[in-house]
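Here are my notes for you on one stretch of this chain. Have the model open while you read, and click along as we go.

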Amino acid sequence: MKSKQPERSFPFLNVNEREAKPRKRGLTEIRGPYYSVVGRHYLEDLLEMMGGYVDSLKFAGGSFTLMPERAVQGIIEVCHKHDVLVSTGGFIERVFVQGGGAVRQYVAECKKLGFVSISSDDWLRVIELVRKSGLKAKPEVGIQFGAGGATAAAELQAEGTRDPNWAIAQAKRFLEAGAEIIMIESEGITENVDPWRTDVPAKFIDEIGTEKLMFEAADPDVFAWYIKNYGADVNLFIDHSQIVQLECLRAGIWGTKSLWGRVVTYKE
């Protein structure tokens, strides 16, 4: 079932229309607890105000494994109350090294706690396991070797990058295996790299299209660039603190530099 359009003040003012949830375009995923604490009460306030524009929340860096189970469940319950999916991010890569039994137990625990989205970087059999467990697979794909939160630019440069065509082929295999959507990591594309590798998202979109791709854009200049080049309905992963700014850009009611008054949409 489609939820209603989010209620807003000044309803007589025209803004760019947003599809109701669950939507396929213009998806916004926000980062949960990692760089800052995001507990149940904080999240209640955030989603009460902007929940109509948030499609999913990602626990970054395996942060959920350090929290009391009741705290994790509380966050998930708040998200589900506002029709927001919850992701464990790419943490399953850390679980792989503990063997197949740990992977199966990890997926079962995610199911028990209420996670509905989980990521993997490799091995199509994990996508199959996730789908059979009643969860949604959202693999993460990138071009940067050694990528990780807060990794220094010099370290990433020393590691080097993959061929984008290899990453695109990997994404296609994941989608064919039943993945719901592919997360494109920002390292090596728009994060800790100068100049930006704008050719990489262009290649992904040319080969796969925008609907099955979500781009990490945890910086206002980055998500503004994606909207400028690929429209208000591009799928983006941002920090939770940026949701209002992003939605103002998507709605076409605010902008800086070349975006001012230029973000428009046409809906039948």
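**Notes on strand 8 and its surroundings**

1. Start with the pairing: strand 7 (residues 182–184) and strand 8 run parallel and are joined by three bridges. Strands here are DSSP runs of E with at least two residues, helices are runs of H or I with at least four, and both are numbered from the N terminus. Two strands count as paired if DSSP finds at least two bridges between them. If you want one partner to click on, I184 has F215 in strand 8 as its bridge partner.

2. A word on the source: this is a predicted model, where local features need pLDDT of at least 70, side-chain atom pairs count only at pLDDT 80 or more, and totals for chains, interfaces and linings use all residues. Residues are numbered from 1 along each chain as its sequence is written, and side-chain values use heavy atoms, with hydrogens and water left out.

3. Which way do the side chains of strand 8 (residues 213–216) point? L213 and F215 go one way, M214 and E216 go the other, and all are buried. Buried means under 20% relative accessible area, exposed means over 50%, and partly exposed is in between (1.4 Å probe, protein chains only).

4. Strand 8 also pairs with strand 9 (residues 236–239), again in the parallel sense, over two bridges. F215 turns up here too, with L236 in strand 9 as its bridge partner. To get from strand 8 to strand 9, the chain passes through helix 9 (residues 220–230), and this β-α-β crossover is right-handed. That means that, with the strands pointing away from you, the path from the first strand over the helix to the second runs clockwise. Strand 7, helix 8 (residues 199–208) and strand 8 make a right-handed β-α-β unit as well.

5. Now the rings: W196, F215, W225, Y226 and Y230 form one aromatic cluster. Rings of Phe, Tyr and Trp (its six-membered ring) pair if their centres lie within 6.5 Å; planes under 30 degrees apart are stacked, over 60 edge-to-face, and the rest tilted. The whole structure has twelve aromatic pairs. One of them is W196 with W225, edge-to-face at 6.4 Å centre to centre and 85 degrees between the planes. W196 sits in the loop between strand 7 and helix 8, while W225 is in helix 9, 29 residues apart.

6. Is W225 buried or exposed? W225 counts as buried at 17% relative accessibility, whereas W196 is partly exposed at 30%.
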